Amino acid sequence: MLRKGSTGASAGDQLELLVSNVVDYAIFMLDTTGRIVTWNEGAQRIKGYTADEIIGRHFSVFYPVEDALHKKPDWELEVATRDGRYEEEGWRIRKDGSRFWASVVITALRDHTGLLRGFGKVTRDLTERRIREEASNAERDREAARLRSHVERMAELEQVKTEFLNLASHELRGPLTVIRGYNSLLQEGAIPAEQIPAVARLLETKLAQMERLVEQMLETARLEHDTFDLYREAFDLGDVVQEQLDVFRPLSPNHRFTLDADRTPLLVQGDRARIGTVVSNLMDNAVKYSPGGGDITCTVRRMGTQVYFTVRDEGMGIAPEHLPTLFTRFGRLPTDANVTIPGTGLGLFLCREIASRHGGDVTVRSTPGEGSEFRLTLPGA
């Protein structure tokens, strides 16, 4: 330990007194080999060693094991010897084994002849500053991540809006053209009276197609803007399926619809209108992807604590490699057979989203050329 000087001390003694009593900095001397020869109060406070414990030991004891093994302390002395000083910030070790972030300056000490006599070493504990800086950097990184996420989200929403507009112009134009054409023929009296009921059914089909498209787009927009609120009530899933069958039967004369349902009530809890949308979308999907007609079989059953609805068609089916794209937004099957089939690619995306928000799911089993079976599963009420 550096000793205090007397009142009448020389300038050297006064300097020794000053260094000895500085507590915010570890100030000590090393011999030319790196062994500690002096020790002040600040060094004891920062590093935890008393003068008797540390004087005579090599200063590498303050370095992490990996630094000591790679001879970093000796390299620092070489730099100080060559350049006159060495300075850095890094981790150092206290007597109790804990680490602290240190600002270190090593100065080569030479006599008037230039002969190296040792080194002066000043260490300051900057751990608290380091913690503040890391916290600030972490917060800055989090804020940057939030900004990046916001920018990406805005870009995604802009893309979705563009796709919406493209879909609206493309998918609505087809049925509108048909309706406008038949309306002109009706105005001109060019359609025989006996054909008017058939024309009315066709127009009703096109209007239902447009209504379904608009509803899909609105529901997707609600999902995007977190305004998708569910109204909860208990209702019979079998009743909802029957209502949708009553809508589809007259609109799809080439298909034979059958319903196989349990006779007991099949109660579920949720938004009746939106579950109706799921059932409607799945039936519409079955009709569109079996353009040659055929049987569409609907089943409503209870299985344990769950209630499920399935709809099976005899259509074109889906290849296994295309199944992952079915439930994505705008996910349409990339095959030549699907080019002429109308649709937004939103129907199945909405089906799974609505089912998920009810604690359920929509799944599919399909074989190319043999048809598909979609299943809506919901928790029983």
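Contact means heavy atoms within 4.5 Å. The model is predicted, so local features need pLDDT of at least 70 and side-chain atom pairs count only at pLDDT 80 or more, while totals for chains, interfaces and linings use all residues. Residues are numbered from 1 along each chain as its sequence is written, and side-chain values use heavy atoms, with hydrogens and water left out.

**Exercise 1.** State where Gln-269 lies and which residues it touches.

Solution. Step one: Gln-269 is in strand 7, residues 267-270; strands (E, at least two residues) and helices (H or I, at least four) are DSSP runs numbered from the N terminus. Step two: leaving out residues up to four places away in sequence, Gln-269 touches Arg-232, Glu-233, Ala-234, His-358, Pro-379 and Ala-381. Step three: Arg-232 is 37 residues away from Gln-269 along the chain, yet their C-alpha atoms are separated by 6.3 Å. Step four: Gln-269 has 40% relative accessibility and therefore counts as partly exposed; buried means under 20% relative accessible area, exposed over 50%, and partly exposed in between (1.4 Å probe, protein chains only).

**Exercise 2.** Find the residues of the largest nonpolar core that touch the most other members.

Solution. Step one: a nonpolar core is a set of buried Ala, Val, Leu, Ile, Met, Phe, Trp, Tyr and Cys residues joined through side-chain atoms within 4.5 Å. Step two: the largest such core has 34 residues, and Val-241, Leu-282, Phe-309, Phe-374 and Leu-376 touch the most other members. Step three: helix 9 gives the largest share, seven residues. Step four: among the contacts of Leu-376, not counting residues up to four places away in sequence, are Ile-275, Leu-282, Phe-309 and Val-362. Step five: apart from this core lies another, of 24 residues, including Phe-59 and Tyr-86.

**Exercise 3.** Classify the aromatic pair of Phe-59 and Tyr-63, then that of Trp-75 and Tyr-86.

Solution. Step one: rings of Phe, Tyr and Trp (its six-membered ring) pair if their centres lie within 6.5 Å; planes under 30 degrees apart count as stacked, over 60 as edge-to-face and the rest as tilted. Step two: a search of the whole structure finds seven aromatic pairs. Step three: Phe-59 and Tyr-63 are 5.5 Å centre to centre with 85 degrees between the planes, an edge-to-face pair. Step four: the ring centres of Trp-75 and Tyr-86 are 5.5 Å apart and the planes are at 80 degrees, so this pair is edge-to-face. Step five: Trp-75 is in helix 5 (residues 72-83) and Tyr-86 in strand 2 (residues 85-93), so the pair ties together parts eleven residues apart in sequence.
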